[in-house]
Amino acid sequence: MKRWGITIPLTGVPLAAHRELIERLPALGYTDAWSAETAGTDAFSPLLLAAQWAPELRLGTAIVPVYTRGPGLLAMSAATLAEAAPGRFVLGIGASSPVIVQNWNATEFAKPFARTRDTLRFLRAALAGEKVTAEYETFSVSRFRLERAPEPAPPIMLAALRPGMLKLAATEADGAITNWLSPSDVRQVRAEVGPDTELAARIFVCPTTDRDAARGLGRMMISSYLTVPVYAAFHEWLGRGEVLAPMHEAWRAGDRKRANEVIPDEVVDDLIVHGSPAECREKVQSYVDNGLTTPVIALLPTGEDPVRQVEALAPARG
């Protein structure tokens with residue numbers, strides 16, 4: 001099945017005002033709606049609304065941090081949405097980042113690989129309705145059982161950037177979720193998870209023909225995200241270490257303006273989809289052509305009506 005996803009909620013659109021658009025997403029050719037969780041909405045609430053507004057959509061979290069809810073609460077949140085949208089919900093979990101976990105949620109960001117693996121194993125058992133008593137490396141659980149275990153249990157996908165987590169996603173989870181990559185990078189990631197693992201990616205799309213504006217926004221996002229250690233390491237692995245070195249040097253020196261200026265145009269154009277809606281659709285499709293299973297558009301603000309832009313980016317328009 002060809003998948004085409006959108007990130008909800010849209011920037012600048014009140015949550016309750018999404019209903020008319022979400023109801024029409026399936027007719028436009030969208031198959032998926034995915035949420036995120038940083039400092040805006042939580043990941044589950046928008047999907048709970050979408051589950052009622054568009055029963056045809058598959059719904060997914062990309063991602064819920066494994067640190068910011070206790071294991072039992074995370075299982076309950078996932079089970080609630082899985083019950084509301086049986087067979088249509090995908091739980092995406094991941095380590096997130098020290099800023100979100102420590103600075104904003106007062107929780108130690110320790111052993112991210114182990115914590116993600118342990119949470120995955122706990123959730124597998126809990127969402128299957130088992131009573132869980134276990135000593136994991138990063139936490140322990142005693143006699144936890146969901147009172148409302150969902151049927152069926154939702155698939156679990158992992159946020160994964162480099163080989164270790166990608167292999168964990170391929171061997172123990174139901175897929176991998178990634179972001180901040182180019183269409184050609186997909187082949188390198190795909191090689192780590194194998195041909196049969198679902199691979200989803202959030203793709204940043206700025207539908208405007210004002211190239212300078214798109215690149216300006218892209219540079220600000222790239223310097224903010226790719227200086228985070230996990231993303232810096234990801235792009236080192238992808239082969240962008242040398243070309244991004246001047247950005248990292250300026251960022252470490254506290255010169256944010258310079259950090260933006262030294263990001264080459266070709267890096268921005270690789271990582272940020274921009275152009276006319278038709279050009280954007282074509283580039284998103286190129287991710288799929290290189291091995292991506294599920295493209296999830298993250299619409300960037302251009303000053304235009306985001307609802308109309310979602311309509312213009314729909315595969316049915318192609």
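This is a predicted model: local features need pLDDT of at least 70, side-chain atom pairs count only at pLDDT 80 or more; totals for chains, interfaces and linings use all residues.
Reader: Start with β5. Is the strand buried or exposed?

Author: Buried. Six of the six residues in β5, 89-94, are buried, so the strand is largely enclosed by the rest of the structure.

Reader: Which residues sit on each side of β5?

Author: Phe 89, Leu 91 and Ile 93 are on one side. Val 90, Gly 92 and Gly 94 are on the other. Both faces are covered.

Reader: OK, pairing. How does β3 run relative to β5, parallel or antiparallel?

Author: Parallel. Two bridges join β3, residues 58-61, to β5. Leu 59 stands opposite Phe 89.

Reader: And β4, how many bridges to β5?

Author: Two, again in the parallel sense. Val 64 of β4 has Ile 93 as its bridge partner in β5. From β4 the chain crosses through helix α3, residues 71-84, to β5, and this β-α-β crossover is right-handed.

Reader: What about β8? Which residue there partners Gly 92?

Author: Met 157. β5 and β8, residues 156-159, pair in the parallel sense over three bridges.

Reader: Switching to the core. Which residues touch the most other members?

Author: In the largest nonpolar core, of 100 residues, they are Tyr 30, Leu 91, Ile 93, Phe 122, Leu 123, Trp 180 and Ile 222.

Reader: Take Phe 122. What is it in contact with, neighbours within four places aside?

Author: Phe 122 contacts Pro 71, Gly 72, Ala 75, Val 132, Tyr 136, Phe 139, Val 141 and Phe 144.

Reader: Where does Val 90 go?

Author: Into a second, separate core of eight residues.

Key. Residues are numbered from 1 along each chain as its sequence is written. Side-chain values use heavy atoms; hydrogens and water are left out. Buried means under 20% relative accessible area, exposed over 50%, partly exposed in between (1.4 Å probe, protein chains only). Helices (H or I, at least four residues) and strands (E, at least two) are DSSP runs, numbered from the N terminus. Two strands pair if DSSP finds at least two bridges between them. A crossover is right-handed if, with the strands pointing away from the viewer, the path from the first strand over the helix to the second runs clockwise. A nonpolar core is a set of buried Ala, Val, Leu, Ile, Met, Phe, Trp, Tyr and Cys residues joined through side-chain atoms within 4.5 Å. Contact means heavy atoms within 4.5 Å.
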